[in-house]
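Here is a short briefing to read with the model open beside you. Please take a look at the sequence and the fold, then work through the points by topic.

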Amino acid sequence: MPATVSHQAERSSAVTEMPDELRADVRLLGELLGQVLAEHGGDDLLADVERLRKAVIGARRKQVSVDEITAMVAEWPIDRAVQIARAFTCYFHLANLAEEHFRIRTLRVRDTGEEPLPESLAQAVQELGDGKVADLVEGLRLHPVLTAHPTEARRRAVVTAIQRISGQLAAYNSSDRGAAERAETRRRLLEEIDLLWRTAQLRSTKLDPLDEVRTAMAAFDETLFRVVPQVYRALDAALGGGGGTGKPRARAFIRYGSWIGGDRDGNPNVTSKVTRDAVLIQAEHVLIALENATLRIGRSLTLTADYTPASAGLRAALSSAVNDHPDVVSEMATRSPREPHRQWLMFVAARIAATRQRGLDLAYRSPEQLLTDLRTAQDSLVEAGANRQAYGELQHLIWQVETFGFHLAELEVRQHSQVHATALEEIAAGRTSERTEEVLATIRTIAWIQERFGVTACSRYVVSFTRSADDIAAVHALATHALGDRAPRLDVVPLFESGADLAAAPAVLSGMLEIPAVQARLADERRLEVMLGYSDSAKELGPAAATLKLYEAQEALAAWSAEHDVPLTLFHGRGGALGRGGGPANRAVLAQAPGSVGGRFKVTEQGEVIFARYGHDAIARRHMEQVTSAVLLASTPSIEARTADAAGRFRGVAGRVASASEKAYRLLTEAPGFPEWFSLVSPLEEIGSLRLGSRPARRGLGAPRSLDDLRAIPWVFAWAQTRVNLPGWYGLGSGLEAVISEAGLDELRAAYREWPLFASLLDNVEMSLAKTDRDIAARYLALGARDDFVEQVLSEYDLTRRLVLEITGHTRLLEDRKVLSRAVQLRDPYVDALSHLQLRALSTLRADEGLSEDERERLSTLLLLSVNGVAAGLQNTG
């Protein structure tokens, strides 16, 4: 069956499955946007938008040819094409929003209370049994690390506008609204959509690192601070905790990290001053949040001493406060007479405010001091029999302090190993460059952060491209040179990225055990951390070979850990895109090598993925529960044994798939002229103009001469724009075919059924293939005038798609994941429209036949607007 025909069957099936509620929201938002477009650009603009919308839908039904759409788009003046691109980008944001609301409604409908939600903490506890979970919970740790990698193409102003529309849509759909209220909400929706249309989609200035820090703070302010205690409460309920009336059995197991303002590998804009300022911004946000929460809880504790007397401990604490700070406490006593618990919490809030304002007389010196004061109130409430007040909102506040401290997220520093080696050479020669002085200043900044906020605020130092234990020792040597015996406590983390480096990882760890500074740290806490880089390994080896070699590295590291009795925390540098190790995080956890999880999972979260996962309370909680549930399940001996058995059985199959897929991948990407061809067929050169982040998009200057010149993010991002998504699937078809020619399909089908890693690999590839559009992709690939490359790419696509379907037994892509399939298909027509507009701009710019400077500038605007829209629609683009 030709690929185009089968694609049509897939899309038609998904569209017909769209639920009525989702369809109604999409229609409502589309109608309101249409009204805004007509008011702004007249009926002609709306008519042109509708022509293109109907044409791309017709093309998916094989009623309109791609050539007809190309001709339609080409006849519009550039300014009109720009307006249409803006319209589809807005339309796209609204369709995404409608789909998000439907997801939230679905979660609530499914949560009947009769049976636990699939992949929830309640289900994990039910499946494992209380006894097994209780042991795991003691060592449980979920450690997401936010990174500033530039994959969020939307301006913060656009994100905020979408959030306001989201609020109005929720109000409009509320069942308790009268007709007048509903009419007013519709008016407000129209007002906000009009504002979205009038908001510039493209950034006018490049982000600096502190802009990125402030952007990430939005996720904390709007979601994370509130949701984290809800996750703990869910685990406590599943464990049969006190339900808010007894001491909780769940402990604070989530810790956040951040590379934003600390990651200087390849980013000269991140300096020691930026790192210092980043921590101060984080501290400002968390201290304000803690102060507001304490004030809110304190004001609500209107328990009179007649019925809820203070304990001896609380009375003594209040007496001491009166003695030390009479003005502060007397005012509270006057406002809240005979309400000792309220007085105490208000005093605690005043101390948090003083901590933020550097009021040294009243300020807390550490989060532990704050926790002591909060537990004084909690113990007093318990003694007085007010258990609901003790273990309700006050317990949430305690969990928030335990999770976020005064620094919000541990700031991690990252730098390339070669920078450290060069710095030591310069120091030995008695001459230091500006870059070396900056390395030393960074270490001094880490020491300052630890003195101000504690060691947990900043102690991890990640070394990119670690090749030997000498790369780890170099950081400790530089710390000694910078501050002597006053050097900060450092947990230096090796980052293994290439295939060779992954294979050498155990030997490097053995070498680390000989470093005195590492020995001292192990004496204090016997645990090491290792980071695995998914992005560069996938770019070097291809998605299939990289996945399988990363698994082998985890197996080897787990064996090393057991042999040396040194527990390891594996830090997974998974990008948002499938081509960079992304995909459903809970499935990724369950696919890890046995012994490599051990109740702890640390992973990067970046760019558009941060807002996709943490942009709404319900979705954020669901994501965190799914991942934590998977961590618990993956850490049990029975599941580890089952995974180990499957890995052993299918190891030979995996080796053949990896070898053949890597060979096919390298045959394409290492061919002469491939980098130049890639630059022609994609908007790679133009992506830097989007001002997505503070980090340069390329190593070095000029057009890329090899894949080594490209960072993994623009490599994946640019392929997503072409609708090829090559880094997410290329080579797997050849790998599967090699096995089938020797042993047939049955062994591969068995591996898919029984081995979580192989199932995760094929499921992720299936998702990447579903986001690929063969017809549109062929148009992009033709721009490079290399028919041989086009044939290689499209043939491998057809082969991979056919074999994946045969092995999974699906009749269409994403057949067994209806929600995801529907989400992809809902977005597809609008992405198609933007792709056709982008193709017009890109092909004209590449031809460059007598373009004036003005025409080139306007075409570039059209191109960047379309890049912005396609990125938002495909979501995990980089």
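Predicted model: local features only at pLDDT ≥ 70, side-chain atom pairs only at ≥ 80, totals over all residues.

Residues are numbered from 1 along each chain as its sequence is written, and side-chain values use heavy atoms, with hydrogens and water left out.

**Nonpolar cores**

- In soluble globular proteins, nonpolar side chains tend to be buried together.
- A nonpolar core here is a set of buried Ala, Val, Leu, Ile, Met, Phe, Trp, Tyr and Cys residues joined through side-chain atoms within 4.5 Å; buried means under 20% relative accessible area, exposed over 50%, and partly exposed in between (1.4 Å probe, protein chains only).
- The largest nonpolar core has 144 residues, and among these Trp 344 and Met 624 touch the most other members.
- Helix 9 (residues 209–238) gives this core its largest share, 14 residues; helices (H or I, at least four residues) and strands (E, at least two) are DSSP runs, numbered from the N terminus.
- Beyond its neighbours within four places in sequence, Met 624 is in contact (heavy atoms within 4.5 Å) with Leu 142, Leu 224, Val 227, Val 228, Val 231, Ile 254, Tyr 256 and Tyr 614.
- There is also a second, separate core of 70 residues, whose members include Leu 541, Leu 745, Leu 781 and Val 804.

- Strand 8 (residues 568–573) is mostly covered, with six of its six residues buried.
- On one side of strand 8 the buried residues are Leu 568, Leu 570 and His 572, and on the other they are Thr 569, Phe 571 and Gly 573.
- Strand 7 (residues 528–533) pairs with strand 8 in the parallel sense over six bridges, where pairing needs at least two bridges found by DSSP.
- Met 531 has Phe 571 in strand 8 as its bridge partner.
- Strand 8 also pairs with strand 9 (residues 600–606) in the parallel sense, over two bridges, and the partner of His 572 in strand 9 is Val 603.

**Aromatic rings**

- The structure holds 24 aromatic pairs, counted when rings of Phe, Tyr and Trp (its six-membered ring) have centres within 6.5 Å; planes under 30 degrees apart are stacked, over 60 edge-to-face and the rest tilted.
- Trp 448 and Phe 453 make an edge-to-face pair, 6.4 Å centre to centre with 80° between the planes.
- Phe 453 is buried because its relative accessible area is 10%.
- The pair of Trp 729 and Tyr 730 is tilted because the planes are at 45°, with ring centres 5.6 Å apart.
- Trp 729 is buried at 0% relative accessible area, and Tyr 730 is buried at 3%.
- One aromatic cluster is formed by Phe 674, Trp 677, Phe 678, Trp 715, Trp 719 and Phe 789.
- Arg 276 lies over the face of Trp 448, 3.7 Å from the ring centre; a charge sits over a ring if NZ of Lys or CZ of Arg is within 6 Å of the ring centre and within 35 degrees of the ring normal.
- Arg 786 lies over the face of Phe 789, 4.0 Å from the ring centre.

**Cysteines**

- A search of the whole structure finds zero disulfides, meaning pairs of cysteine sulfur atoms within 2.5 Å.
- Cys 90 is buried at 1% relative accessible area, and Cys 458 is buried at 0%.

**A residue in helix 12**

- Ala 333 is found in helix 12 (residues 326–335) and is partly exposed, with a relative accessible area of 30%.
- Ala 333 and Phe 347 are 14 residues apart in sequence and 10.0 Å apart in space, C-alpha to C-alpha.
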